[in-house]
Amino acid sequence: MSTPTNHMPTAELQALDAAHHMHPFTTNDELRDRGVRVIKSGKGVFLKDSEGNQILDAMSGLWCVNIGYGRQEMVDVASRQMLELPFYNTFFNTTHTPAIELAAELAKLAPDHLNHVFFAGSGSEANDTNLRMVRTYWAQKGHPEKSHIISRKNAYHGSTMGSGSMGGMTYMHEQGGMPIPGIHHINQPDWWAEGGDMTPEDFGLARARELEAKIEELGADKVAAFIAEPVQGAGGVIVPPSTYWPEIQRICEKHNVLIIADEVICGFGRTGNWFGSTTMGIKPHIMTIAKGLSSGYAPIGGSIVCDEVAEVINACEFNHGYTYSGHPVCAAVALENLRILQEENILDHVNNVAGPALHAALEVLAEHPLVGGMNVCGMMASLPLTPHKETRAKFAMEAGTVGFMCRERCFANDLVMRHVGDRMIISPPLVITPEEIDIFQTRAVKALDDTYSALMEKDMLKAAS
Ligand SMILES: *Cc1c(COP(=O)(O)O)cnc(C)c1O
């Protein structure tokens, strides 16, 4: 595309960005001094930056570009829809075909009892919808005091007041008056970091039973819902032990607590099924969707709601919605994404080709002296870095120091892996081929080697006491 900025040298783009652009989750002053990376284009699983580097994106943008970059079909659908009807609202007794078709398609793909969709512009918005919807559900049924929400430490549910409060990120809660009242956090099922000498199975049960203890503490008549990601994503790809979700399911059913499964990352094939709830054996009342719903080509999210909850909500006026709920262009783009996922059998590719190849690559990486194990579920994975494999020790330096060093060395080797604390995160486009996974492995080994050498050189390979 020909805009004046597109021909600017990198340094000028960086200066202009630093002067006017406030980045999310960033210390902008530090970014200005370091120089921001300018991404120019993408094709398949590769990005191109303003210096011409070809970077393998093992993060799918931000867990979302599941069908890969540069799909012409998506562009065609968006431009056709923009011409036909760029926008119309769904508030005042009106609808349009993209929203109708997308809701129907999602009802078809979702587990049997989930047949109703409330649209939002993002995952954060959808979780705010869920918060209000579950409280309204219980209030309509005559239990307005059944309004408390239980979530988990280190969960990520978005960045608005409601979703950020339900999330369990303490560094977010420290700013701006979060969490809002009525939200409670129990411990996460992170066996690698917190399981100590317990077996993963015992640890999973123990962490699930914290939910029962919290429900009993608050009173089951006060608890509206439990919200959780089937597999925590932004918290560090934490795959719960096999005992965890069945016990959570039992507890929620026993105490009449609704389950909100936040599928924003897990949904649409990431874990090998359409939804992470299927992979983990969860029967949710509401599923949050976003990211992979459109493969990131357009901003759209939503809540897929079960018959039981929808029946109650549909009987009242639910005073909630977004200008862009069911936005026609975004809905058309999401539909095209779902068509591509189905017609190209991308879930089969995940289960039979890309998933096994990624697993094999991770096993090689897990042998590296700096890597303390692996967490993997389908096409999402994390490699915790450690100074001492056997004891799963943490580093002596502040958490995240080594993870950040490794991320920088990934970039230097034309690879995007994100770090969460001292874990390296992998979540590539689902369409990645075995050949591309080989490239991933080679670059990741090099980045780990470079990190290891730097740690040795700086005498930083030390465990916390
Ligand atoms: C990214 C994410 C969200 C928030 O979605 P946004 O589109 O960024 O608002 C919510 N839940 C989970 C699990 C996420 O990964």
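# Exercises on the ligand site, ring pairs and backbone

A polar side-chain atom of Lys-291 lies 2.6 Å from an oxygen atom of the ligand. The model is predicted: local features need pLDDT of at least 70, side-chain atom pairs count only at pLDDT 80 or more, and totals for chains, interfaces and linings use all residues. Residues are numbered from 1 along each chain as its sequence is written, and side-chain values use heavy atoms, without hydrogens and water.

## Exercise 1: the ligand shell

**Task.** List the residues around the ligand, then find the helix that gives the most to this shell.

**Solution.** 
Step 1. Start with Ser-122, Gly-123, Ser-124 and Asn-127, which are among them. Tyr-156, His-157 and Gly-158 also belong to the shell.
Step 2. Look for helices (DSSP runs of H or I, at least four residues; strands are E runs of at least two). Helix α6, residues 123-140, gives the most, with three residues.

## Exercise 2: polar atoms at the ligand

**Task.** Find the distances from Gly-123 and Asp-262 to the ligand, then say how much of the ligand the protein covers.

**Solution.** 
Step 1. Take the backbone of Gly-123: one of its N or O atoms is 3.0 Å from a ligand oxygen atom.
Step 2. Turn to the side chain of Asp-262. One of its polar atoms is 2.7 Å from a nitrogen atom of the ligand.
Step 3. Now take the area. On its own, the ligand has 380 Å² of accessible area (Shrake-Rupley method, 1.4 Å probe). The protein covers 84% of that area.

## Exercise 3: an edge-to-face pair

**Task.** Describe the ring pair of Phe-87 and Tyr-324, and say which parts of the chain the pair ties together.

**Solution.** 
Step 1. Aromatic rings pair if their centres lie within 6.5 Å; planes under 30 degrees apart are stacked, over 60 edge-to-face, the rest tilted. The structure holds eight aromatic pairs.
Step 2. Place the residues. Phe-87 is in the loop between α4 (72-84) and α5 (97-109), and Tyr-324 is in the loop between α13 (307-314) and α14 (328-343), so the pair ties together parts 237 residues apart in sequence.
Step 3. Check exposure: buried means under 20% relative accessible area, exposed over 50%, partly exposed in between. Phe-87 has 31%, so Phe-87 is partly exposed. Tyr-324 has 51%, so Tyr-324 is exposed.

## Exercise 4: the backbone

**Task.** Find the cis peptide bond that involves Pro-179, and describe phi at Val-237 and Asn-345.

**Solution.** 
Step 1. The cis bond joins Met-178 to Pro-179, with omega about -5°. Pro-179 sits in the loop between α8 (170-173) and β6 (183-186).
Step 2. Val-237 is not a glycine, yet its phi is positive, near 45°. Val-237 belongs to the loop between β7 (223-228) and α11 (244-254). Its relative accessibility is 0%, so Val-237 is buried.
Step 3. Asn-345 is not a glycine either, and its phi is positive at about 45°. Asn-345 is found in the loop between α14 and α15 (346-366). At 43% relative accessibility, Asn-345 is partly exposed.

## Exercise 5: two side-chain contacts

**Task.** Find a side-chain partner for Glu-253 and one for His-23.

**Solution.** 
Step 1. Glu-253 is in helix α11. Its relative accessible area is 54%, so Glu-253 is exposed. The side chain of Glu-253 contacts that of Gln-249 at 2.7 Å.
Step 2. His-23 is in the loop between α1 (10-20) and α2 (28-34). Its relative accessible area is 18%, so His-23 is buried. Its side chain makes a polar contact with the side chain of His-21 at 3.4 Å.

Methods. Near = heavy atom within 4 Å. Polar contact = N/O pair within 3.5 Å; in protein donor to acceptor, adjacent residues only side chain to side chain. Phe/Tyr/Trp six-rings, centres within 6.5 Å; stacked < 30°, edge-to-face > 60°. Buried < 20%, exposed > 50% of the residue type's maximum accessible area, 1.4 Å probe, protein only.
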